[in-house]
Amino acid sequence: MNELSLLDHLSIIRDPRQQWKIEHKLADILFLTVAAVIGGAEGWEDIEDFGHDHLDWLRQYGDFENGVPVHDTIARVMGMLSAKQLQKSFASWMQACYDVTEGEVIAIDGKTLRRSYDKGKRKGAIHMVSAFSAANQVVLGQVKTSEKSNEITAIPELLGLLSIRGCLVTIDAMGCQRAIAKKILDKGADYLLAVKGNQPSLEAAFNDYFRMDMFQQEDANGYSIQEVGHGRKETRLSLVVEDLSILGDLEYEWPALKTLGIVGTIREERGQPLKELDITVRYYISSAQLSPKEMLEATRSHWSIESQLHWRLDVGMREDDCRIRREQAGENMAAIRHMAFNALNSDTSFKAGIKRKQKRASRNTDYLSQVLSGLGLS
């Protein structure tokens, strides 16, 4: 762990309040919020209650000279706090305490906080785009998409926060854009982008080339594995193509393009007729020289952001049920949840899911201190 703690990195954030009105230090409010979310808090009143229940323990880390701020104060401060500064601090902290490795898969994907919409003010739900280390299951950074934009504009902003040299960045079809590919290369990383209808010429070139019987040809350009369980057999197949001429002039439109990938999944239920098999085929382009096995493993690793991050945020931390949306509070709390997720997920002393770890942290301050050590806070 770097000598600087998370709160050291958060100290760059400007306190948005008028100095003469400040009763509780910003550092205390941030520490209380992070610790409370680790302990399972989901809203402002939960955070205040956590503070009252653990005030003596909190004073081991902060001043809290005037006790615990009321929930309205916490909500007001978190709403005023610059989300961009918080996101920059988060990414800076992760760069300091986590070293990415050569070839590591960094999955980038978006998630909507479903109950954060504001019907009365005609504001849509908050949509966050996150970068996730598939191997180590930690969030490296996140940004919010703007009201009148989408992931295409948010992804370059997120990439600008990250230190990903030598990594393989995977993005679904929304991010299959030349500008995004170039941004990844400029960061010293390689891209692996899914191809769908938003790049019709590219998809058409794949369709013209690919035939299902290619998966049956046993050569150095193919790889397959089978998994059997719960009455179902699943076959995963991968082909790589290094002859970029099949793309025609499109070959020269994608920077540093080296590999085309075709990945198929065949799901077969016990007793299911062959004609009813569930078959899925996906296309990919990459600036990395990938073997068929590496292609399959990288595309599978990408979906860990859904199963290991998004699903656990919803089930363990009930993120989709959160109605916080005031000013910048919704996206700030999303970043706080990511901090808590990284700390809880990194703790290996207690083998349990996120929710059980949160419950234990709320009632056992020794365990809470241990989890916080993963943030450099103890």
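Q: Which residues is Ser238 in contact with, leaving aside its neighbours within four places in sequence?
A: Ser238 is in contact with Phe215, Asn221, Gly222, Tyr223, Ile262, Val263, Pro292, Met295 and Leu296, once neighbours within four places are left aside, where contact means heavy atoms within 4.5 Å. Please keep in mind that this is a predicted model, in which local features need pLDDT of at least 70 and side-chain atom pairs count only at pLDDT 80 or more, while totals for chains, interfaces and linings use all residues. Residues are numbered from 1 along each chain as its sequence is written, and side-chain values use heavy atoms, with hydrogens and water left out.

Q: Is Ser238 buried or exposed?
A: Ser238 counts as buried, at 1% relative accessibility; buried means under 20% relative accessible area, exposed over 50%, and partly exposed in between, with a 1.4 Å probe and protein chains only.

Q: And where does Ser238 lie?
A: Ser238 is part of strand β7, residues 232-241; helices (H or I, at least four residues) and strands (E, at least two) are DSSP runs numbered from the N terminus. A polar atom of the Ser238 side chain lies 2.9 Å from the backbone oxygen of Pro292.

Q: New topic: how many salt bridges are there?
A: The structure holds 15 salt bridges, each being a side-chain nitrogen of Lys or Arg within 4 Å of a carboxyl oxygen of Asp or Glu. One of them is between Glu234 and Arg267, whose closest N and O atoms are 2.7 Å apart.

Q: What does the pair of Glu234 and Arg267 tie together?
A: Glu234 lies in strand β7 and Arg267 in strand β8, so the pair ties together parts that are 33 residues apart in sequence. Glu234 is buried, with a relative accessible area of 7%, whereas Arg267 is partly exposed, at 26%.

Q: What about Lys84, which residue does it form a salt bridge with?
A: Lys84 pairs with Glu157, and their closest N and O atoms are 2.7 Å apart. The pair links distant parts of the chain, with Lys84 in helix α6 (residues 83-97) and Glu157 in helix α7 (residues 151-161), 73 residues apart. Lys84 is exposed, with a relative accessible area of 55%, while Glu157 is partly exposed, at 33%.

Q: Turning to the inside, how many residues has the largest nonpolar core?
A: The largest nonpolar core has 102 residues, and those with the most contacts inside it are Ile38 and Ile285. Such a core is a set of buried Ala, Val, Leu, Ile, Met, Phe, Trp, Tyr and Cys residues joined through side-chain atoms within 4.5 Å.

Q: Which helix gives the most to this core?
A: Helix α2, residues 26-38, gives the most, with 10 residues. Apart from this core lies another one of 13 residues, among them Ala134, Val240, Ala288 and Ala298.

Conventions
A polar contact is a pair of N or O atoms within 3.5 Å; within protein, one must be able to donate a hydrogen and the other to accept it, and residues adjacent in sequence count only if both atoms are side-chain atoms.
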